[in-house]
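Biologist: I am new to reading structures, and I would like to go through one with you slowly. Could we look at it together and take one feature at a time?

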Amino acid sequence: MAGILIAEGGVKMRKKEKKVFKRSIFSLWDYFMFFVLISFLLTCSFYLFFKTLDIDFDINIRRSAIFTFVNIFFLSLLFAIIDGIRQKFMVERPVKRILEATRQLTKGDFTVRIKPINRTDRMNEFDAIIEDFNKMAEELGGMETLRADFVANVSHEIKTPLAIIQNYAAALQKTDISPEQRDEYTGTIITASEKLSTLITNILKLSKLENQKIVPKPEEYDLCAQLAECALSFEEMWEKKSIAFKAEMDDKAVIFADKDMLDMVWNNLLSNAFKFCEPGDTVTLSQASDGDTVSVSVSDTGCGISEIALPRVFDKFYQGDTSHSQEGNGLGLALVHRVVELLGGHISAHSIPGEGSVFTVCLNIRQ
């Protein structure tokens, strides 16, 4: 019963809103009342004016007065009509265009745009509102595109490891598999579940960073020691792939920043560098301090990034090299970019296809 009442209330509200939208801002009734008020005020003013004159009202004067009042009546009517036409074209039409575009926008049509009323050199307040509306619609359209792409990419990235887990779990149910196959299937399931867990963790981190739910907690620490510690955690990887690693750093560089957030930056940059290198390539980690700033560069002699992919390396879920798509989810550099921005720094990427890439992070020593 309550649901029916709520539904009926919603219908009534929608009907009321529709009625309000169809009602003209300047109705005939409003103009009529305005006209009557102006005519009454003018008539009273002239009547009081004649009353103050110490003259006798003969027939001619009375006729002239009546003629004057009739003129007042028609002049008031004429001015009301002229003002109504002016308001119709200069106020009501622009307002209706804005309302119609707003209705389309609320229905999800982000391509709607309102044509300006006047030229750029003759803009008025309505033109300013229309310009701001068009900018808002453009921004909302871009956000909607990003949201749709994000949902599609997340669905795709989650679907792949889930399909692997499902297929290998079904294979484990067979009774005629060998212990070696069972171990192989189990390892594949564990790897896929770890990738799925990493994906979800990165999505949550990126969401918190973009919504500013993670607040930097700066502290004073040695950046060089942190870089060395992060690099050593990849020692097994570079030895396994026969990659040469070089470090060019100062003995000590004290900065005031969020250590945990920068850990994420260095780990992602080094992980990418080793991932895109082949046996015999070189990864170089360098650090330099210059006055109030410090820069950290991670370079490699790997496959490099194409000119088309380079401008989009920091986009969410973008993977320029599809041959390594199984090793990541396209969120690492997006996280790095957002963290560096949040810490007030700057990150840049340079690459030559076939020769390698360089990622450079510049930070203030004291934030």
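Biologist: Which residues of helix H8 are buried?

Modeller: Please keep in mind that this is a predicted model. A residue is called buried when its relative accessible area is under 20%, and in H8 the buried residues are Met261, Leu262, Met264, Val265, Trp266, Asn268, Leu269, Leu270, Asn272, Ala273, Phe274 and Lys275. With 12 of its 17 residues buried, H8 is mostly covered.

Biologist: How far does H8 reach from its first C-alpha to its last, and which residue caps its N-terminal end?

Modeller: H8, which runs over residues 259–275, reaches 24 Å, close to the 24 Å expected at 1.5 Å a residue. The cap at the N-terminal end is aspartate 258, which has a side-chain oxygen 3.2 Å from the backbone nitrogen of aspartate 260.

Biologist: Which residues of strand S3 lie on its covered face, and which on its uncovered one?

Modeller: In S3, which spans residues 254–257, Ile255 and Ala257 make up the covered face, whereas Val254 and Phe256 belong to the uncovered one. S3 also pairs with strand S1, residues 219–222, in the antiparallel sense and over four bridges, and there isoleucine 255 of S3 has tyrosine 221 standing opposite.

Biologist: Which residues form the nonpolar patch on the surface?

Modeller: The patch consists of Val70, Phe73, Phe74, Leu77, Ile81, Ile85, Phe89 and Met90, which together have about 750 Å² of accessible area. Phenylalanine 89 lies in helix H3, residues 59–106, and counts as partly exposed because its relative accessible area is 49%, while exposed would require over 50%.

Notes: Residues are numbered from 1 along each chain as its sequence is written. This is a predicted model: local features need pLDDT of at least 70, side-chain atom pairs count only at pLDDT 80 or more; totals for chains, interfaces and linings use all residues. Side-chain values use heavy atoms; hydrogens and water are left out. Buried means under 20% relative accessible area, exposed over 50%, partly exposed in between (1.4 Å probe, protein chains only). Helices (H or I, at least four residues) and strands (E, at least two) are DSSP runs, numbered from the N terminus. Two strands pair if DSSP finds at least two bridges between them. The expected span of a helix is 1.5 Å times one less than its number of residues. A polar contact is a pair of N or O atoms within 3.5 Å; within protein, one must be able to donate a hydrogen and the other to accept it, and residues adjacent in sequence count only if both atoms are side-chain atoms. Patches are made of residues with over 30% relative accessible area and no salt bridge: like charges are joined within 9 Å, nonpolar side chains (Val, Leu, Ile, Met, Phe, Trp, Tyr) within 5 Å. Accessible areas come from the Shrake-Rupley method with a 1.4 Å probe; for residues, only the protein chains shown count as cover. A salt bridge is a side-chain nitrogen of Lys or Arg within 4 Å of a carboxyl oxygen of Asp or Glu.
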